[in-house]
Every structure is written in structure tokens, then in C-alpha cells.
Amino acid sequence: MSETNLEKVYASLESPLNGKAENVWKSVEKPMVKIVSETGSTNEDLKVLAREGASPCLLIADKQNAGKGRQGRGFFSEGGLYLSAILPSPGEAAPFVTHLAAVAVRESVAYLTGEKPLIKWVNDVYLKGKKLCGILCESVQAGKERRYIAGIGVNLSVPEGGFPKEIEKIATFVRCDKERLAGEIAKRLFYSIANFNKEELVRSYSRASYLKRGDEITVIKPSGEKQAKVLSLTNDLALKVFYENGETEDLIAGEVHLRLR
Ligand code: BTN
């Protein structure tokens with residue numbers, strides 16, 4: 001028996017966006033929701049379904065025993081929200097689904113808790129200097145179509161005995177109703193894909209940026225590490241950085257990982 005309540009998730013999906021009488025589901029089909037008490041990775045489960053041609057849907061797990069992070073890392077998955085979605089076809093929003101998911105998480109947490117999380121380029125949501133949420137967007141081929149999956153993990157509690165050693169200094173959590181949060185995130189994400197507006201996304205993403213001009217970072221690529229300073233976010237939401245040798249580069253998410261120095 002799962003600890004997550006399916007009816008509450010549907011009720012949250014039905015409730016108006018931002019408390020305004022805005023009907024999200026006019027422009028995009030409401031997803032089916034499935035809840036499981038335990039799985040390896042909700043992203044992996046939905047990748048299988050997406051390849052088989054499944055419609056947009058949500059999968060929530062109480063617990064993942066092989067939660068996946070970016071670049072082959074694991075993701076600690078107990079006591080939080082572990083949500084994956086097969087997204088509606090994103091069209092020109094395709095390169096930005098991670099950014100859209102990050103904005104959806106930030107706005108949902110702010111709406112439900114009054115907290116003001118920030119987005120650490122490109123896929124992390126931070127609260128008071130620590131990681132609250134990780135996002136992993138993936139895509140698979142289904143016949144002629146590319147299908148997109150957004151995976152979102154939000155810490156909603158500290159496990160008994162604390163977070164695992166590797167993340168105890170960098171992780172945080174927020175007290176928030178899990179089902180309402182799932183519904184709010186999905187509503188915002190599906191709406192922003194179906195009504196994609198790049199300028200609006202750049203504005204809301206930049207406003208919420210955790211990284212500021214002049215921040216000293218380490219850029220970590222498969223080819224090695226380099227010290228850099230943050231310059232700005234570009235109009236395509238790449239991160240413009242300035243290296244010690246005077247060169248600049250527009251980083252796109254892909255294989256890049258950042259560490260704030
Ligand atoms: C990261 O921090 O590098 C990304 C973490 C993404 C975690 C979520 S939890 C739901 C979905 N299922 C997974 O296995 N990963 C994503």
C-alpha cells in the first residue's frame with residue numbers, strides 16, 4: 001500500500017493554477033497518474049512506457065531504490081517526492097524542458113510554502129544555499145517521435161539518522177504536502193510546455209537564478225576541470241562564463257557540472 005494518496009494528486013491537478021481561475025487542461029490533456037510504493041527509478045519506468053507509445057502521464061514513487069541523477073550519479077530517494085512525467089510533445093520547447101521543470105518546481109514550492117527557492121543552473125533547485133531538488137530530463141525514440149521524460153526529486157523530510165554522508169552538507173528539505181506539490185508541479189510544467197513562451201521562461205528563470213554575475217565556479221567536463229567566473233545567462237539559457245585565460249564560453253547543460261567555489 002502506497003503512502004501517497006492518488007485522489008489528492010488528482011484534486012491538486014484540478015485546482016486552478018496559482019489560485020487563479022485558469023483552466024490548464026483546456027490547452028493540454030490532463031495526465032493519468034500512477035503511484036507505486038517502491039521502484040528502481042521512475043524515469044526508467046516511464047522510458048519503457050514512452051518507447052511503447054504511452055500518452056503523457058505521471059508516475060510517483062514513495063521510494064526509489066536506484067534513483068538516478070545527472071551524469072550517472074545516484075539520487076537519494078527516501079522521504080521526498082519522486083515524480084516522473086511523460087511530457088506532452090514539447091515542439092520548440094524541447095531544448096528547455098529542464099529549465100521549464102526547474103521553474104515549475106520553484107514556483108510550486110513558493111506557492112505552497114512561502115519559501116523562495118532559487119535555481120542553480122541548470123537543473124537544481126536550492127533553498128537557503130542547499131540543494132532541495134534535482135531534475136533529470138531524458139528523451140527516448142518512439143517510432144518516428146522523440147518522447148520527453150522529466151524526473152523530479154524534492155526532499156520533503158530528513159531521514160531518521162540524517163541524509164547520507166555524501167550529501168549531508170549540501171542537501172536540505174522543505175515541509176510541504178507531497179500530493180499538492182506533485183499536482184502543482186505537473187500543472188505548471190504541462191501548461192508551460194503547451195503554451196511555450198521563451199521570453200517569459202528566460203525572465204522567470206533568470207529572476208530565480210542562484211548563480212550571480214561574478215560568482216567563482218569550477219566547470220567540470222569529461223575533459224577536465226576549469227576555474228571560471230559567471231557572467232550571465234544568455235537568451236537561450238546557456239551560462240556565459242569567463243575563464244582565467246581570458247576566454248569566454250556559453251555553457252550548455254549537456255555534460256557540464258558546476259561547483260560553486
Ligand atoms: C540530479 O540531481 O542530478 C537529478 C536528480 C533527479 C531525480 C529524480 S527523482 C524522480 C526521477 N527518477 C529518477 O531516477 N531520477 C529522477
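# A walk through a two-domain model

Start by colouring two ranges: the domain assignment of this protein gives domain 1 as 6-207 and domain 2 as 216-260, with bounds that come from an automatic or database domain assignment. What you have open is a predicted model, where local features need pLDDT of at least 70, side-chain atom pairs count only at pLDDT 80 or more, and totals for chains, interfaces and linings use all residues. Residues are numbered from 1 along each chain as its sequence is written.

**Stop 1: where the domains meet**

Now select the contact between them: 9 residues of domain 1 are in contact with 7 residues of domain 2 (contact means that the C-beta atoms of two residues, placed from the backbone, lie within 7 Å). On the domain 1 side, α3 (97-113) and α5 (198-207) are the elements that give two or more residues. Helices here are DSSP runs of H or I with at least four residues, strands are runs of E with at least two, and both are numbered from the N terminus. The largest share of that side, 3 residues, comes from α5.

**Stop 2: α3 and its end**

α3 has 17 residues and reaches 24 Å from its first C-alpha to its last, close to the 24 Å expected at 1.5 Å a residue (the expected span is 1.5 Å times one less than the number of residues). Of those 17 residues, 13 are buried, so α3 is largely enclosed by the rest of the structure. A residue is buried if 20 or more other C-beta atoms lie within 10 Å of its own, exposed if 12 or fewer, and partly exposed in between, with C-beta atoms placed from the backbone. Step off the end of α3 and you land on G114, whose phi is positive, near 80 degrees.

**Stop 3: the ligand**

20 residues surround the ligand, and the closest are S41, G69, G134, G151 and G153 (a residue belongs here if its C-beta atom, placed from the backbone, lies within 6 Å of the molecule). Which elements each supply at least two residues of this shell? They are α2 (42-51), β3 (78-86), β6 (130-142) and β7 (145-155). By type, the shell divides into 6 nonpolar, 11 polar and 3 charged residues.

**Stop 4: the loop between β4 and β5**

Zoom to V122, in the loop between β4 (118-120) and β5 (124-127). The peptide bond from W121 to V122 is cis, with omega near 5 degrees. N123 sits in the loop between β4 and β5 as well. Is N123 buried or exposed? N123 is buried, with 21 other C-beta atoms within 10 Å. Leaving aside neighbours within four places in sequence, the contacts of N123 are R70, T98, A102, G134, I135 and L136.

**Stop 5: two positive phi angles**

Select Q71, in the loop between β2 (57-64) and β3. Q71 is not a glycine, yet has a positive phi of about 50 degrees. With 12 C-beta neighbours inside 10 Å, Q71 counts as exposed. Then jump to L237, in the loop between β9 (224-233) and β10 (239-243). L237 is not a glycine either, and has a positive phi of about 60 degrees; L237 is buried, with 22 other C-beta atoms within 10 Å.

**Stop 6: L132 in β6**

Go back to strand β6 and pick L132, a buried residue with 26 other C-beta atoms within 10 Å. Not counting residues up to four places away in sequence, L132 touches P117, V125, Y126, L127, V154, N155, T172, F173 and V174. Draw a distance to V174: 42 residues apart along the chain, the C-alpha atoms of L132 and V174 are separated by 7.4 Å.

**Stop 7**

Finish with helix α1 (residues 6-14), where V9, S12 and L13 are the buried residues. Look down the axis of α1: the buried residues fall within an arc of 100 degrees, so they line one face of the helix (the arc is that of the directions from the helix axis to the C-beta atoms). They pack against β1 (32-39), β2 and α4 (178-194).

Conventions:
Ala, Val, Leu, Ile, Met, Phe, Trp, Tyr, Cys and Pro count as nonpolar, Asp, Glu, Lys and Arg as charged, and the others, Gly among them, as polar.
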